[in-house]
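I opened this notebook to keep track of what I looked up, one topic to an entry. I begin with a pair of strands and move on to helices and rings.

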Amino acid sequence: MGAKNPEADVPIASPHVLAVRELGRAAAAKPIAEFDLGELQVEVRTTQDSVFVVVVREGRGGVALRAAHLSCAFECKALAPQAGEDARLGVTSALGRHLVTLEAGANALENLRVTVRFTPAMPMLIPFIPRDLYPIDNKGDPLGTVGSVEAKQRKLNVGIVYFRVDEPRFGDVLYFQNLTSMNDYYGATGTTPESIVGGSWPELGHLLPIAQGGQTPPAGVLEGGTEIILSDAILVFRHDAPPDERETARRFLQMLGVAYQRLDLPCVDYRDWVDRAERTLRDLDQAPEATIEHYGHRYIHPYTNAEYPDIMVQMSVVAAIHDWGKWCGTPHPLEAQFKAGLEKFYDPELQSLRRYLPNVGDDKDADAVDSWYLYHPMLNLGLLALDGDEQARTLLLKSIDFGIKAAHHFNYEWPVQYKVTDFSIITELAGADCRGQTDVAGIYAWVMLQAFELTDEKRFLDEARCAIDAAMGLRFGVNYQANLTAWGAAACMRLWRITNRPVYLEQSYVYLASFFQNCVIWESKVGHAAQYKTFLGVTCLQDAPYMAIYECFDSFTAFERYLADSGPDLEPAARLLVAEYCRYALDRGWYFYPDALPPEAVATEQRESNGHIDPKLSFPLEDLYPDGQPAGQVGQEVYGAGAAFIFATRSFHPIEGAPFRIYCDQFVQSMERTGDRALTITLAGGESSIAGLSVVRLKRRKLGAVELTAPDGDVLRSSASTADRIAYEVPASGRLVLTWE
């Protein structure tokens, strides 16, 4: 609600909030346009300086969206709506012409898209424009409302504000600003959409970024006579307020799913991850910058020819190569080579894995560990152990009690960094939100569930439950590092399967909601970002300015487990968003490799001690920036080499005896050989999405005639066809039948 002056107990509000009150005084006048939106009523009204779209529920207040803010006299007229529109408005003034279109969405949840296009009358610098969204009471007064903001945009991530209006009882509102639509504006004005959606009650919504003044000649001038989009807002409504954080998160995902389906989604391109994986293996084995020898064993450099061997790095690459060996049918020799030296990371006195080898340089604090770093190597040891690797099982089980000891010491609320020798805290809280590593409980729970599966010891199951229970109450603040949050969602889903307690399925939505709040759900064309893709990328930390490849593919791996453990009880919007994240990761991940970028988009200098970038090596850059900064400022990750193996083994499917592989950018739930040359494929994506499915020729083989049919027998047409690949666009959920000659 509006802030209070403690002396006078009078609401404090900006002039823009007070100006909205004019809507209440003008309510008796006929609106310029009006229509019903389910149980809501939509009206277009004007005040002295603005055009508003007012959405109300009878007797329960509503919201007012400022579609145009003008500093001079203007005329607003209703125009004939075009196909798909419910209203179209023309606003003319000395500034130029605003065109406002309103489109009601056909969905179980009421939703409305309002797009504002502006054509300046002459070259123009856009001045300050106030935020555009205000909750209002039954009299049209924002100061008569009480409510709370649950989530809002974090830096360059998705442009949302999610809030509830308690008085009057209007319910939940998700405001989604489609930042993709405004790339032309950002390019023309030299601005970025960092932290522009949010606000403080009751002044919420979008704050249009404006060019910095004081330059000669002035920068950020909009060209006269050229139309440009100033806003593309999607509003989604729920009639009541949720009772707890889990239901709040589920509804957020549900409403975000509605907004997502209103977007014009970017295309997803086919990527040859098998070839990328083969090149990565070659470089891991042959490039001197990739590995170093200690104690007679090979260890992986975290960055090209830089940094000390590290247990998290070693295990991440080992686990990914292990998956590649399973996919190929034969273990790759590098797996055994890199596993041979794992024991040197184990400290028998501490009875724990150490981050560094015993001979690490004096420039490192050998006793310091980030909280998540203790558990992530255990996670990958668990993956190997569950595949029958006795060395991994032994190393995990003789380290795991120390991990439990740490969890108990910190009461399942881990700091950012501490000393493993005595648990003394080095860094307690992150600067961004003054919290510790809030999602370590999730990855810890997953490790405990792996140990439970390996040993059937109930104490591990109890530990997993204690960790997830301790994280309840964090609401949208659970995310510290994206991949840890994804593993937390997977752990909740697995706990639900084991215990049959719905609270854990519901708690998985809290982890997902926090994850997707930190996603870049827009395609940036700002600066160098025009050379790569950003859509549905996730920023690695809650305050990070960049998307990182390691968090990208590790989240992908966690979400594969999440969906595999789910079933028909999973909220459909959660399935949609998780599957779509993974689909776009297969395409977007390609641009982390320096050979996929133009040289001018790659940074010429890297973070001190992080080596250099060699575009000839098939190792990814750590960092891509939604605001278009040069990529690779942090460095080139050898430890991110696992991305190629993970993406290849999940998206390409060998077919015994066939001259091809199947590629699919959605997860395949099952493949059944139903004939010598017939295959039934079941996909597990979102109900309303599509999948890219391809038949990809094997080397030294020839593609014959193939036919893909839907369950009703309809033959599907290919979207593209060459001698090497036949591509289809198919529903992402359901069965298909593939036959070939």
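I looked up the strand pair β29 and β30 and found that the two run antiparallel over three bridges, β30 covering residues 660–664. I noted that two strands count as paired if DSSP finds at least two bridges between them, and that strands (E, at least two residues) and helices (H or I, at least four residues) are DSSP runs numbered from the N terminus. Within this pair, I found H653 opposite I662 of β30.

Before going further I wrote down that this is a predicted model, in which local features need pLDDT of at least 70 and side-chain atom pairs count only at pLDDT 80 or more, while totals for chains, interfaces and linings use all residues. Residues are numbered from 1 along each chain as its sequence is written, and side-chain values use heavy atoms, with hydrogens and water left out.

I then followed the sheet that holds this pair, which is open, has five strands in the order β29-β30-β33-β36-β35, and is paired antiparallel. Its edge strands are β29 (652–654) and β35 (720–721), each of which pairs on one side only.

I traced an open sheet of eight strands, in the order β5-β6-β7-β8-β17-β13-β12-β11 and with antiparallel pairing. Here β5 (74–79) and β11 (146–152) stand at the edges with a single partner strand each, so one side of each has no neighbour in the sheet. Neighbouring strands are turned against each other by 20° on average, direction ignored; for such angles, axes are lines fitted to C-alpha atoms, for helices over the stretch in contact, and the values run from 0 to 180 degrees between N-to-C directions. Inside the sheet, I saw that β6 (residues 87–93) and β7 (residues 96–104) run antiparallel and are joined by seven bridges, with R88 facing T101 of β7 as its bridge partner. Helix α4 lies across several of these strands, among them β7, β8 (111–120) and β17 (228–238), and runs at about 140° to β17.

**Hairpin.** I also looked up β18 (residues 291–294) and β19 (residues 297–300), which run antiparallel and are joined by four bridges. H294 has H297 in β19 as its bridge partner, and Y295, in a hairpin with two residues between the strands, takes a positive phi near 55°.

**Helices α5 and α17.** Which angle do α5 and α17 make where they pack? I found about 145° between α5 (residues 273–286) and α17 (residues 642–651), with the axes 8 Å apart. The residues that meet, where contact means heavy atoms within 4.5 Å, include W273, A277 and L281 in α5 and F645, F647 and A648 in α17. By class, this contact has nine nonpolar, two polar and one charged residue; Ala, Val, Leu, Ile, Met, Phe, Trp, Tyr, Cys and Pro count as nonpolar, Asp, Glu, Lys and Arg as charged, and the others, Gly among them, as polar.

**Helices α10 and α12.** The axes of α10 (residues 400–409) and α12 (residues 458–471) come within 12 Å and cross at roughly 35°. I400, D401, I404 and H408 of α10 meet R459, F460 and E463 of α12. I checked I404 and found it buried, with a relative accessible area of 7% (buried means under 20%, exposed over 50%, partly exposed in between, with a 1.4 Å probe and protein chains only). Leaving aside neighbours within four places in sequence, I404 is in contact with Y444, M448, R459, F460 and E463.

**Aromatic rings.** How many aromatic pairs does a search of the whole structure find? I noted 42, where rings of Phe, Tyr and Trp (its six-membered ring) pair if their centres lie within 6.5 Å, and planes under 30 degrees apart count as stacked, over 60 as edge-to-face and the rest as tilted. The rings of Y260 and F535 have centres 6.1 Å apart and planes at 35°, so this pair is tilted. Y260 lies in helix α4 (residues 245–262) and F535 in the loop between β25 (519–520) and β26 (537–538), so the pair ties together parts 275 residues apart in sequence. Y260 is buried at a relative accessible area of 3%.
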